[in-house]
Amino acid sequence: MSHNEEKKRSYDEKPAVVLDEDRRRSAVDSSSDPEGQTAGDETWRHGVDHTHEKRILRKLDFHLLPLVSLLYLLSFLDRSNIGNARVAGMATDLHLVGLQYNIAAAVFFILYCAAEIPSNILLKLLRPSRWIPSIMVAWGIVMTLMSLVRSFEGLVIARVFLGLTEAGLFPGVTFYLSVWYKRSEQSRRVAIFFSAATVAGAFGGILAYAIEKLDGKAGLNGWAWIFLIEGLITVVVAVFAYWYMYDYPSTATFLTSDERDFVVERLKHDSTDLATHYDKKFVYQALLDWKCWMMVFVYMGILIPVYAFSLFIPTIINELGYKASTAQLLSTPPYIAGCFFTVLVGIYSDKLRKRGPFVLACAIVAIAGYSILYATPQGRPGVSYAGTVIAACGTFPSIAVVLAWAGGNAGGDVKRGVALAMTIGIANLGGVCSSFIYRSKDSPRFLIGHGTVIGCLLLAIVLSCVAMFTYWRLNKQKEEQCRREGIDHSQAPNFREMGDASPLFRYTI
């Protein structure tokens, strides 16, 4: 049933729910809960017991996650397929020399970073079901036209516009998920959504291997066919997304009236009823909060390795001694391993309601993988390839956890949206660094590249430790303030516009 057909269904359907009286009677003040569960009673549940709540969550997952994951898969495929195109002969055909390929990879991030905060503000002011598919159509057209480039200058211009048009998707969908799920439920959902990037990496290698066989057809080289076909796929999916993407819980036609009320109220309860309307002061709350900037640099320390991996893994494997077509295929297993651990880490991060410890563990695993790449002498490609698999298992899973951490610890819809856009947008400037750390003249061992990545991961570890201590200390101060002043959830409206500075708000560690 299409989205429009579902809108015709009556909003008067009632779910078969059971009042959870035992939980209601036994509810206690949990103001120290880092996920923001501060209310003492559960009248906000609208009679929905915890068994039915799980069914509602499964319904949300079914209607939201497959589509947004597909959108991000295509986004990541379109931004990183330049690596596959390079191996397929693009550098030779366009006569790229020196750092020209690196420059073409890097310019993507200039407007990509600049456009993310404005895009998230527009997403809040407009409907997600209109804004996200529209930017998707735009980047799909740019991707398709990249098949026509015939020079280094043309490639650079195309990559600049690709960055501009893709900018709003990742921060937009990350914020979009945060307005449907509680903070304690977001890590696994962002992990599932972000795992599409690892699937894109795996699928991209296989797809590039197949598309490359069209070399010479219709006067296009194999690498040009990669851009053309993948761009057309994006445009087609975007058109369908206009009808199959939902906006907000309050208007979700796949939920009954009682279920919509319940989802809206549980989100208010989770955020201690913080403001959801737009006001520019909430933008400044994010921009002037040093904790938001700290998360920017935690994310940057993780993101530089991720982009470096995605842009250069086919080249790295090729330089290990494998031929180009084999390198395309061998780039697949590291992504599959990364996908598995991305989802696994996201699930357990939500289950334990912890973020920092998982970031630390993932960064350590990634350092182990890159240390193998750094220390393995030339002539042992099997050992080096194992290092790439281990590196993928550490770098990719931490992305979702950091984003859930940054978004969950920013109070209020607008501040959360801006904080996520800051984290993703500014940290993506690290993509410029990623584009230059693996230089052709450093092949086949790429010691400078591997060493730089290890340094970035160490930065993420240090800042994550600082963040965990900071959030723990602030939670203790708020607990003491609530005890001293007798503050409870009934006073939440008094702190509605304070964001995460509210004494009722608890940070996730």
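Let me start with helix α3, residues 50-87, and helix α13, residues 257-270: their axes come within 11 Å and cross at roughly 90°. This is a predicted model, in which local features need pLDDT of at least 70, side-chain atom pairs count only at pLDDT 80 or more, and totals for chains, interfaces and linings use all residues. Residues are numbered from 1 along each chain as its sequence is written, and side-chain values use heavy atoms, with hydrogens and water left out.

Back to the two helices. Two packed helices are described by the angle between their axes and the distance between the axes. Axes here are lines fitted to C-alpha atoms, for helices over the stretch in contact, and angles run from 0 to 180 degrees between N-to-C directions. Helices are DSSP runs of H or I with at least four residues, strands are runs of E with at least two, and both are numbered from the N terminus. α3 and α13 are therefore roughly perpendicular to each other; that label covers angles of 65 to 115 degrees, while under 35 counts as roughly parallel, over 145 as roughly antiparallel, and the rest as oblique.

Which residues make the contact? On α3 they are H52, E53, I56, L57 and K59, and on α13 they are E259, F262, V263 and R266. Contact means heavy atoms within 4.5 Å. These residues divide into four nonpolar, one polar and four charged. For that division, Ala, Val, Leu, Ile, Met, Phe, Trp, Tyr, Cys and Pro count as nonpolar, Asp, Glu, Lys and Arg as charged, and the others, Gly among them, as polar.

Now the whole protein. It has 22 helices and zero strands. Of its 509 residues, buried ones make up 60%. Buried means under 20% relative accessible area, exposed means over 50%, and partly exposed is in between, with a 1.4 Å probe and protein chains only. Among contacts with a separation of 6 or more, 82% are between residues 24 or more positions apart.

Next, the cores. A nonpolar core is a set of buried Ala, Val, Leu, Ile, Met, Phe, Trp, Tyr and Cys residues joined through side-chain atoms within 4.5 Å. The largest has 138 residues, and M90, F170 and W180 touch the most other members. Leaving aside residues up to four places away in sequence, W180 touches, among others, L60, L64, Y246, F254, V263 and R266. A second, separate core has ten residues, including V283, A286, C292 and M422.

On to cysteines. A disulfide is a covalent bond between the sulfur atoms of two cysteines. The rule used here is a pair of cysteine sulfur atoms within 2.5 Å, and by this rule the count is zero. C456 is in no disulfide, and the nearest cysteine sulfur, that of C433, is 5.4 Å away. C456 counts as buried because its relative accessibility is 13%.

Last, a few loop residues. K213 sits between α11 (186-211) and α12 (222-244). Is K213 buried or exposed? It is exposed, at a relative accessible area of 58%. Its C-alpha is 9.2 Å from that of W225, twelve residues apart along the chain. A218 lies in the loop between α11 and α12, and its phi is near 55°, a positive value in a residue other than glycine. At 71% relative accessibility, A218 counts as exposed. R353, in the loop between α17 (332-352) and α18, has a positive phi of about 55° although it is not a glycine. R353 is partly exposed, at 29%.
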